[in-house]
Each structure stands twice: as structure tokens, then as C-alpha cells.
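Please keep the structure in view while reading.

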Amino acid sequence: MPTSPSQATDPSPAPATRSWRADLVVVFAAVALAIWVTSGMWWDPNTRAITVNSSDQALFEWLLAFGGHAVTHGENPFFTDLLNVPDGVNLAVNTSITVYAVVFAPLTYLIGPPATFLTILTLNLAATAVAWYWLLSRHLVINRLAAGVGALFIGFCPAMVSHANAHLNWTAGWLVPLLIWGVFRLRRPGRAVRGGIVLGLLVALGFSIAAEGLFFTALAVAFFLLLWALHPGRWREVRAVLPSFLGGLGVTALVAGVLLAYPLWLHFAGPQRFHGTGFDPLIHSEDIAAYGSYPRRSLAGWAGHGTSLAPNPTEENSFFGIPLLLLAAACFGLLWWRADRAFRATLTALGATAIVFAVLSWGPRAKWHGRRTHQILPFGVLDNLPVVNAALPSRLALVVAPVIGVLLAFTVDRLRTRPPRYRVTGLAWALGFAAALLPLLPTPLLTSVREPIPNFITSGTWQRYVSPGGVLTPLPLTVDVTPDGQRWQAYALAHRQGEFRIPAGFFLGPGGPGGRGRIGPVPRTFDSLMDQAGRTGLVPIITEGSIRASVADLHHWRVETVILADRVHGAKYDINEDAVRRTATALLGPPERVDDVWLWKVPPA
């Protein structure tokens, strides 16, 4: 574990005065900031959605409802045929948050998926800051203020606030300090078995909540450890603890391998698997200029200094601002100047880790203020490797924020335990921290009202038109830009109305170019016509051939009932419901009005 400037060795807890008041203040600040960031949804979780990413919110709400349903009905939590009929969806290669779905199943049944989603999101943000505070205050620094500054920065850095736009996996940053603690705990002699078991459980937990985050954490910790162990200032210590450490890693691999054997098989060899991802790494790479820019959901962004250099508002993975980058460099310089040989090993490994992962986050080709160059970067070489090709390069920047947070904590600890000789020097450091951190104070997420779930679903009327386990589809079909079908299905599952299945859905599956993954299924005639009508507001040209193809598509999906709500929630654009209704009428004949939806019955093949 990185050593504090005040410590010669690092696995033991810092000899801090156990001030429960300081701990309570940090916990209160973390909870208050988490509620502040998510405050736009607390007024009414069932009707409000995150404006910039309501599709992912609908997905995670569905995952919570499905997970609880799978537990109570003895179904496979890693594969489902409720979506993408008839092929199903491999949830092991998707973001399935299985542990959250199981643990919070009683709450989901009690208050519904939207409120449970909001509860977990808020707890994630607060727990991330608290977990980092625990690691810093108990193992890395002496001063509690130093631990609080570093932890609150990491917990509410621009990347965490950005991913709070509906990502329950990436906001589970509390896993990272626990994994780091588990890794370095393996150094203790005689603790290889116990430490390996604990770390194996943490690895399994991390995979079941945020597999991509676990992969990034493993890469960063491994790279840090390699540089740290090769430093001459650490050779003697490394030789002494290496046998215990390797033994503990072996136990970790055994425990995690047993717990994850089935989901890993599904991930790499199961049905509906794929390689790569449905996202373009060129698009989802970090702009070099983004590191010196400010995020939109921050005090600086509120004042008009935010930028749109990220591929979308949920991926502002760096956006530290020039003042913070300068402060981090100054902190590194101060710590290096006063460090002994052993602690310089830690600083070297920290600095190199931040630089390497920052460069990797730039993706296959460099980009500056939106202009892409032809210069091939390291990620362009690594992108063809298994597992790496399923990662989004911009998210590798998430490794940089904890490094900066640790440097900030080390520096405040140094300044508090050994105050500067001159008062003006201390004032300069205080002003530097304020200038760097105050502009990054988070502002609440943007939220808006989304269309309510139709009474046709909430009242259970759908059960009269769909056989048990039968297939129902909304119009337009359920995909990432029109997620209503999964919201409706989540309501039915969470309220124990029974199961109806839907074609398509918002998921990652096979069918992309070159054998890579794609978002949702490969389009067919019927859903393409519905999507065209909803997007353009124009009824496509309908021929006898398109009618036959559309009916064949509905039979392929085994659809019994087609419904159209009066208002469709389009996550990316407004849907023209009238054009969709007229298109469906041209293909399937006149609908009937049932409750608050238009309904078409599909004749059997």
C-alpha cells in the first residue's frame, strides 16, 4: 500500500488519534453531497428521470426488478429469455449488477425499481467517499483533514458525478479502496489463506457489480505494484513478503474462480456471447484537452465554463481543470522533495500509473479539442487484445482521479504534521487548494419528468391479452433510445403481476461488424419501419412485401399483442406517436382502444 510521508512502512494502520467527531463530519459531508447531487429525483422517483441518460436508468431499473424476480422464482440471474425473444440475453456479458439486485430485492418489491435505483445511486456516491476516507485515515495518512480532503475529492470528482447519470456500476467506487486494501493485506506473514479468502470474496463481489471497473482496478494495481516492487528502495521489503503475497494471490484466484466459474463460462463461452463491444473506441476516447477543462455538472460548469469535449455527459472521465493539474504537480514536487528513498518508490509508482492510464484513455488516436490526429497511440496497439477490446478507453481516466486524491491527502498530511516555516507559504497552499477544488464542487444532476407507465400495464389489463409467458411488444420496439418496454416489464415483475416477454430490448449482444457486439438485436423490417416513423414523423411507403415481412417478423418473435401508448418516452429524441400508429395500422389493420393504449392482436402463423 502506498506509504504516507509520515510512515516508513505501509501495511499497518496510521497511528492517528481516533477522532470519531472527524469521522462523523466526513460521513455527514459525503451523505449530504450524495443527496445534493441526486436531489432532482428525490421529489418523486417514480416520475422523474435523469435527463441525459434515462435509457440507462430504465435498464438498471429493469435489472433490479429482474434480479429480484429471478431470486424469488428460481430463475437464472445470468441469462434471460424475457428480452430479445427468441434468442434471449446473456447478462454475464452485460452490466448485470447481480449482487445489488439480490440484496435490494426486498426494497425493490416494497418501493419499486425507480426508488430502489435512486437509493442505490445515492448510497454509491456516499459510500465511495466514506470507503476512501477509511483507507486513507486508517492506512495512509495521520491527519483526518487530509484523509477527508482526498476522500471527498475522489468520491465526488467529475468522473463520479458524471457517471451518477444512471451508472450504478461505475458509481460503486467504494469497491476500489476495499480491493486495494485486500491486495496489500496479503503482505502480512501468516495471513495468506485468510487474506486470500477475503480478497477472493471482494473480487467476486466486484465482478458481480462492476466487472469493467474490477478489470481497470486490477490493471492499475498490478502496474503500480510492478513499478513499486522494482524500485531499489523496496527490494528488501519485496523479497521478504513475496512468498506470502504470491500464496495469498493463489488462494484469491481459487476462491474467486470457484464463485465465478459459471458467470465466467457464460461470459466467454455461453450463448449470445460476443467479443469486443457495441461502442466505438474512437468515439469513446478522452480528448487530451478534457484534462484541463471543467465538467458541466460543477460550479465552474454552472458559471459557464463547462465544455462538451466528452462523447456524452455520462463520460466526463477527467475534466480536472488546469488549476487542479497544477496543484497535483506541485503536491508531487513537494512530496518528492521531502521524501525518503522508500517513499519515493511510492511516488514514482503513483505518478507513472497516472500518466500511463491518462495516455491510454486518449484511445487509439489522439484528439485535441475535438480534432483527431493520425497519430496512433498505445491503446490502438492494445485494442485487439481479448478483454481489452471490450473496454472503453475514456474510462481508463477513472484511474487518474484516485491518484490525484491520494496526492492531495499526502500533501495536506505533510503540511499539517510539518507546517510551513512561513505563514505566507501556508496561505499560498490554502489558496491553491481552494482555487483547484472549489470550481469542481458538484451541482445536481439534470432531471425531467418521463411519461408514466400506462394504466394498461399498472392495472394488470395486459394479462387478458397475453398468455402466461407470452410476448408483448410496445411501439416502437424496445431499444436504448425507446426503453419503455423494459420499464413496463420491470413494473410487472416488481409488482408480481407475472411475466410477459418482449422482442428486442436494451442490452449488448452479438451481431456487430466483424463479429463484435452491438446494442440491441440486428434490426428487422418491422422494427425498422416503426423506428423510421417515430423518428421522422412520416409514414414509410408500405407495400405487400413489407406487410408480409412485418407479419413474419412478429411471428418470429412470437408476438401476441402489439400496443402503443399515447405518449412514448424517447430517451434520445421525441417520438411521433401519430406516425407510429398510422404505420402500424397500415401493416396490421385498425387497432382497438384498450384502457389508455392502442392495441393490435397478432393472428397466429
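## Aromatic pairs

This is a predicted model. It holds 16 aromatic pairs. Take Tyr291 and Phe320 to begin with. Their ring centres lie 6.0 Å apart, and their planes meet at 50 degrees.

Tyr291 has a relative accessible area of 9%, so it is buried, the cut-off being under 20%. Phe320 has a relative accessibility of 1%, and so it counts as buried too.

## An edge-to-face pair

Trp462 and Phe500 form another ring pair. Their centres are 4.9 Å apart. The planes stand at 70 degrees, which is over 60, so the pair is edge-to-face.

These two residues also come from distant parts of the chain, 38 residues apart. Trp462 sits in the loop between helix 19 (455–458) and strand 7. Phe500 sits in the loop between helix 20 (484–494) and strand 8 (508–510). Are these residues buried or exposed? Both Trp462 and Phe500 are buried.

## A ring cluster

Ring pairs can also join into a group. Phe78, Tyr262 and Trp265 are linked into a cluster in this way.

## The open sheet

Which strands make up the open sheet, and in what order? There are 4 strands, and the order is 7-10-12-11. The pairing is mixed. Strand 7 (471–474) and strand 11 (592–594) are the edge strands. Each of them pairs on one side only. From one strand to the next, the twist averages 35 degrees.

Strands of a sheet pair through backbone hydrogen bonds, in a parallel or an antiparallel sense. Strand 11 pairs with strand 12 (residues 597–601) in the antiparallel sense. This pairing runs over 3 bridges. Arg593 has Trp598 in strand 12 as its bridge partner.

## Charges over rings

The bridge partners Arg593 and Trp598 also meet through their side chains. The charged end of Arg593 sits over the ring of Trp598, at 4.9 Å from the ring centre.

A further arginine is placed over a ring. Arg496 lies over the face of Tyr109. Here the distance to the ring centre is 4.1 Å.

Terms used
Residues are numbered from 1 along each chain as its sequence is written. This is a predicted model: local features need pLDDT of at least 70, side-chain atom pairs count only at pLDDT 80 or more; totals for chains, interfaces and linings use all residues. Side-chain values use heavy atoms; hydrogens and water are left out. Two strands pair if DSSP finds at least two bridges between them. Axes are lines fitted to C-alpha atoms, for helices over the stretch in contact, and angles run from 0 to 180 degrees between N-to-C directions. Rings of Phe, Tyr and Trp (its six-membered ring) pair if their centres lie within 6.5 Å; planes under 30 degrees apart count as stacked, over 60 as edge-to-face and the rest as tilted. Buried means under 20% relative accessible area, exposed over 50%, partly exposed in between (1.4 Å probe, protein chains only). A charge sits over a ring if NZ of Lys or CZ of Arg is within 6 Å of the ring centre and within 35 degrees of the ring normal.
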